[in-house]
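Work through the exercises below with the structure open.

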Amino acid sequence: MTTAAQHAYDSYEALVEDYFEKGWTDGLPIMPPTPEKVAAFLERAGLSGDEVLGTVPTREVTCTAQQAAANAVMAGCLPEYFPTVVAAVRAHLHPKGNCHSTTGTLSGAAQAVIINGPIRNELGVASGAGCFGPGFRANATIGRALRLVIRNVCRGIPGFLDRASYSTPARYSFCFGENEEASEWEPLHVQRGLAPEQSAVTVHSLMKMVEATDFTSRNAEGVCDTLVTNIRANGIAGDSWLGEDGNVVIVVGHEHHRFFNEEGWSKADIQQYLWPRLNAPATSATDRMARIGKPEGILIVAAGGAGMGASWLLLPHLALAITEPIS
Amino acid sequence: MTTLIGLDPTSGPFDRTDDHDFSPRPASLDGAVVALVANGLGEGEIFLDALYDELNKLSDLQAPLKVVKSSVSIPPDPGDWSRLTEEATVAITGFGG
Amino acid sequence: MELEWAGVPSIAIVHEEMRGSAQAIARVSGCPDYEFLTVDYPWVPIAIWSKEECLDLAEIMAPKVLAALTGQS
């Protein structure tokens with residue numbers, strides 16, 4: 001059963017052009033959100049169309065499953081992707097996911113959708129070489145679906161409630177999996193209290209992403225020191241509303257990960273090494289405190305391909321990284 | 001001719017129909033408690049403090065009621081909100097960064 | 001605006017660069033006619049005002065704030 005307004009067209013091209021005209025796309029063509037497709041998505045997730053996935057009180061927005069499904073169809077998702085999209089929307093619309101601020105900010109914060117658990121392999125979510133970029137339908141369309149929800153449902157429209165000075169290409173889509181098979185590391189969702197067999201998404205709003213390159217270190221401490229230097233070059237401000245639970249996400253690349261594997265460092269070992277060094281007082285304008293309240297607020301994720309001696313730092317905007325199980 | 005149906009993917013029109021009324025304005029600020037609501041960004045508190053001083057030259061104000069939000073992106077805490085609604089005659093806020 | 005609805009006459013000071021966002025919030029909140037006091041360029045956006053600019057702007061804005069809060073604007 002649908003409650004959304006319906007529009008009739010003579011052709012696919014006519015529909016797409018009208019959706020462009022209405023401002024309902026991200027600037028790229030969309031797939032038609034027909035009632036049949038939207039119903040199939042809802043059925044796949046076991047949701048009724050009027051199920052509320054979250055709200056944005058400042059914007060007078062309530063997001064329903066039907067709206068999310070329509071946008072997931074438009075993004076090019078397959079029906080089996082939709083439970084993951086639902087979890088991502090729920091995570092982003094968690095009060096401390098802070099949709100209003102992270103999608104309205106001048107800084108143009110983006111949302112990273114990190115997928116864990118068995119569903120990564122079931123859907124073909126890329127977590128290795130090229131996983132931040134184009135070429136993978138699940139990555140591209142799940143991330144795009146969240147962004148279309150932000151635009152069409154949450155009113156994060158450039159020039160309206162999205163006031164980004166530049167914005168970022170990561171706002172078209174930013175979704176990848178954790179390479180859980182790369183080591184014995186405890187996956188992110190397990191660190192955050194879920195069972196290994198439970199699939200999950202973690203949505204992290206990032207002010208900016210910084211590549212921490214290090215081609216010369218040959219041990220775990222050397223890599224960690226490079227991470228510290230790069231994070232502290234940017235700094236992370238505390239926020240009393242977020243309290244002690246603030247996050248930074250570190251995506252550890254293959255060529256860095258191998259040193260942790262060789263020396264038997266767990267994620268907890270890395271967190272314990274980094275935390276006091278990040279929180280140490282500033283010594284200069286380019287060596288600033290990175291205020292993270294607890295070691296476990298440093299979220300370590302293994303991803304990326306071989307060859308490049310680099311890891312990526314996803315520095316937070318005003319939100320917590322929220323992990324949501326996929327039903 | 002084939003007809004293709006597409007659903008509206010939005011959360012509806014931007015404009016609400018339940019318009020709110022504005023509060024009646026006092027004729028002057030003499031004797032008023034002016035609330036200063038700072039969002040914590042930049043030097044906003046300095047501006048609001050200075051603005052109060054300037055207003056106090058133009059009117060005979062009572063002591064200000066100052067609230068600094070715990071985060072730029074959320075409303076005032078419930079306790080501060082109660083003080084604002086119960087004690088303030090008028091309020092001044094800043095918006096955005 | 002919520003202070004207005006709670007019975008406290010209020011004024012929000014907005015930089016020109018955020019006026020569109022402020023008006024959008026007013027619109028979706030059912031108050032499309034809510035008036036903001038705007039600080040225009042060449043003044044820089046609010047978050048990067050220097051202390052000196054804060055003091056200068058306070059002097060400039062005070063008569064406008066008084067007028068807005070007493071219904072004289």
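The exercises that follow concern a predicted model.

**Exercise 1. Describe the overall build of chain A, and compare its radius of gyration with that of a compact globule.**

Step 1. Look at the secondary structure: chain A contains 11 helices and 10 strands.

Step 2. Take the extent of the C-alpha trace, which spans about 60 × 35 × 30 Å along its principal axes.

Step 3. A compact globule of 327 residues would have a radius of gyration near 20 Å, and chain A has 20 Å, so the two agree.

Step 4. Of the 327 residues in chain A, 54% are buried. Among contacts between residues at least 6 apart in sequence, 80% join residues at least 24 apart.

**Exercise 2. Find the domains of chain A and describe the side of domain 1 that touches domain 2.**

Step 1. The domain assignment places domain 1 at 12-180 and domain 2 at 206-325 of chain A. Their centres, taken over C-alpha atoms, are separated by 26 Å.

Step 2. Count the residues in the contact: domain 1 of chain A supplies 25 residues and domain 2 of chain A supplies 19 residues.

Step 3. Name the elements on the domain 1 side. Those giving two or more residues are helix H4 (82-92), helix H5 (99-104), strand S4 (110-116) and strand S5 (175-177) of chain A.

Step 4. Sort the residues on that side by type: 10 are nonpolar, 12 polar and three charged.

**Exercise 3. Is strand S8 of chain A mostly covered or uncovered, and which strand pairs with S8(A)?**

Step 1. Strand S8 (residues 298-302) of chain A is mostly covered, as five of its five residues are buried.

Step 2. Separate the two faces. A:Ile298, A:Ile300 and A:Ala302 point one way, A:Leu299 and A:Val301 point the other way, and all are buried.

Step 3. Find the partner. Strand S7 (residues 248-252) of chain A pairs with S8(A) in the parallel sense over five bridges. In this pairing A:Val248 stands opposite A:Ile298.

**Exercise 4. Describe the side of chain B that touches chain C, and the strands that join the two chains.**

Step 1. The contact takes 36 residues from chain B and 42 residues from chain C.

Step 2. On the chain B side, helix H1 (44-58), helix H2 (78-87) and strand S4 (90-95) each give two or more residues. H1(B) gives the most, with eight residues.

Step 3. By type, this side of chain B divides into 18 nonpolar, 11 polar and seven charged residues.

Step 4. Five bridges join S4(B) to strand S1 (residues 10-15) of chain C, and the two strands run parallel. B:Thr93 stands opposite C:Ala12 in S1(C).

**Exercise 5. Examine the backbone at A:Asn98, A:Arg155 and C:Pro42.**

Step 1. A:Asn98 has a phi near 55 degrees, a positive value in a residue other than glycine. A:Asn98 sits in the loop between H4 and H5 of chain A, and is buried, with 27 other C-beta atoms within 10 Å.

Step 2. A:Arg155 has a phi near 65 degrees, also positive in a residue other than glycine. The loop between helix H7 (137-152) and S5 of chain A holds A:Arg155. A:Arg155 is buried, with 26 other C-beta atoms within 10 Å.

Step 3. The peptide bond from C:Tyr41 to C:Pro42 is cis, with omega near 20 degrees. C:Pro42 belongs to the loop between strand S2 (37-39) and helix H3 (51-69) of chain C.

How values were computed: Residues numbered from 1 in each chain as written. Chains lettered and ligands numbered in written order. Predicted model: local features only at pLDDT ≥ 70, side-chain atom pairs only at ≥ 80, totals over all residues. Domains from an automatic or database assignment. Contact = placed C-beta atoms within 7 Å. Helix = DSSP H or I, 4+ residues; strand = E, 2+ residues; numbered from the N terminus. Nonpolar A, V, L, I, M, F, W, Y, C, P; charged D, E, K, R; others polar. Buried ≥ 20, exposed ≤ 12 C-beta atoms within 10 Å, placed from the backbone. Pairing = 2+ DSSP bridges. Rg over C-alpha atoms; globule rule 2.2 N^0.38 Å.
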